[in-house]
Amino acid sequence: MPTFQTVRGMRDLIGPEAEAFTHIIAKARETAELYGFKEVITPHVEPLELLSAKSGEEIRQRMFIFKDLGERQVALRPEFTASIARLTTTALKNEPKPLRLFSVGTVYRYDEPQRGRYREFWQSNFELMGSAKPEADAEIVLLTNSLMASLGMKGFAFKIGHIGVIRGILSQDGVDEKTQNAVLQRMDKKEYDAALKLVESEKCRGMLEGLIEIKGNDWRDTVEQIKSFVAGYEKAKAAADNLAEILMLISESADITLTVEPAFARGLEYYTGMIFEIYIPELDIALGGGGRYDRLIEAFGGEPTPAVGCAQGIDRVAIALQEQKAALGTKTGKHVAVTPITEALKPVALKIAQQLRAAGISVEFEVMGRKMAKALEDADKRKVDYAVIVGERELKENCVMLKNLANREQSTVHIPELAEKIKN
Ligand code: AMP
């Protein structure tokens, strides 16, 4: 018989890894709640047309595309934003703005697999639709900051830029949108020479080269540098002003470590404003990122709707927490194994297990028909807190044996008091 492996780039998550993912997802949900985002669940498979409309060449070439049996061209979602934009133009079309939408699940990209880069990976995703104001951008950065902090992540820092600065320069110097996209894609990969080669105008090349040099963690100072550098480029200057407003709101309201990098670009083509990524010193891959995309909804046939959003890569956040040896939240509930001593006692033992579960206690019922000693040995190995042993003699007194597996103490406990005794 052949042994089966997972498809390349896709993983099974088991034991502590699965627990870490569940923990991160729970924190993302809590953050959504704290910031007023409502969860939506959308399909993993979407029309190819929708997914390829605006995400950019880079992602288009890495999609899992297939024809379904009805000859429809479909693909596995490579991100959430297109699905959320679709929702905004259909089912949620008449909802009052702003819309704050949260999603979590797997997405698919045909990337070259390596640590922190998979073909199936998990994202938590937040989209705030309907506001063009800097406070909406600030909220998205702040919630990312809150989520990282709530996970106990240390030393994380934001890299923040504004796509309007680069586009403002390129468009004023006559670079068409298609070339702009190609330039931004190279810049995203830090292939600056390749990016510059695409630009014909020497003046414009000089501007880009200068922009690449600007970066700093004193945001006021860096924004001032950007502003004087782009003097004469009206749109780029407006973008720098917008970035300054966002940074002011963020830095006034939270303690955030950030670097301002105006030449920083992101792979997705639809960004129109502020963009950001988040890093920790131990890893050179981004844990999450996002930005403003004001024209995507209308590209999908909706009313012009400004929007800003972000996504966190849960696989990478898990790696980061592991690197930093962060605790994944202590489990407080007690864990119990219930074992009947004889076959005949199975029904009553199962009834006791149900009573304990109803009281919120996690119970493993003995399903292997093992003798007491074997069952206890196994419970011990699996770090169960208590063994509840259901025996004929104790039952006559409406009691069971309760064994504390940590200190080996054993006592006879009256069944009506059992749950309380275990909990305390
Ligand atoms: P994006 O949707 O490209 O903005 O990516 C958002 C986040 O998803 C990134 O910052 C990463 O943390 C994560 N991510 C992107 N691609 C991958 C991948 N192939 N494997 C794991 N995580 C990824």
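Helices (H or I, at least four residues) and strands (E, at least two) are DSSP runs, numbered from the N terminus. The model is predicted: local features need pLDDT of at least 70 and side-chain atom pairs count only at pLDDT 80 or more, whereas totals for chains, interfaces and linings use all residues. Residues are numbered from 1 along each chain as its sequence is written, and side-chain values use heavy atoms, with hydrogens and water left out.

**View 1. Residues around the ligand.** The shell holds 16 residues, among which Arg109, Asp111, Tyr118, Arg266 and Ala286 come nearest; a residue is near if one of its heavy atoms lies within 4 Å of the molecule. By class, the shell comprises six nonpolar, five polar and five charged residues. Here Ala, Val, Leu, Ile, Met, Phe, Trp, Tyr, Cys and Pro count as nonpolar, Asp, Glu, Lys and Arg as charged, and the others, Gly among them, as polar.

**View 2. Atom pairs between ligand and protein.** An N or O atom in the side chain of Asp111 is 2.6 Å from a nitrogen atom of the ligand. A polar side-chain atom of Arg316 lies 3.5 Å from a ligand nitrogen atom, and a backbone N or O atom of Gly313 lies 3.5 Å from a ligand oxygen atom. The protein covers 93% of the 490 Å² of accessible area that the ligand has on its own (Shrake-Rupley method, 1.4 Å probe).

**View 3. The largest pocket.** The ligand takes up the space of the largest pocket, in the sense that more than half of its atoms lie within 2 Å of the grid points. On a 1 Å grid over the protein atoms alone, a pocket is an open set of points with protein on both sides within 12 Å along at least five of seven lines, a cavity is a set where a 1.4 Å probe fits but cannot get out, and lining residues have an atom within 4 Å of a point. The volume of this pocket is about 1,000 Å³, the space filled by probe spheres set on the points. Its lining has 50 residues, of which Arg109, Arg266, Glu277, Ala286 and Arg316 lie nearest the centre.

**View 4. The second largest pocket.** This pocket has a volume of about 250 Å³. Helix H1 (16-34) and H13 each supply at least two lining residues, and H13 gives the most, with five.

**View 5. The largest cavity.** The volume of this cavity is about 70 Å³. Its lining includes Ile163, Arg167 and Arg266, and H7 gives the most to the lining, with three residues.

Note on methods:
Polar contact = N/O pair within 3.5 Å; in protein donor to acceptor, adjacent residues only side chain to side chain.
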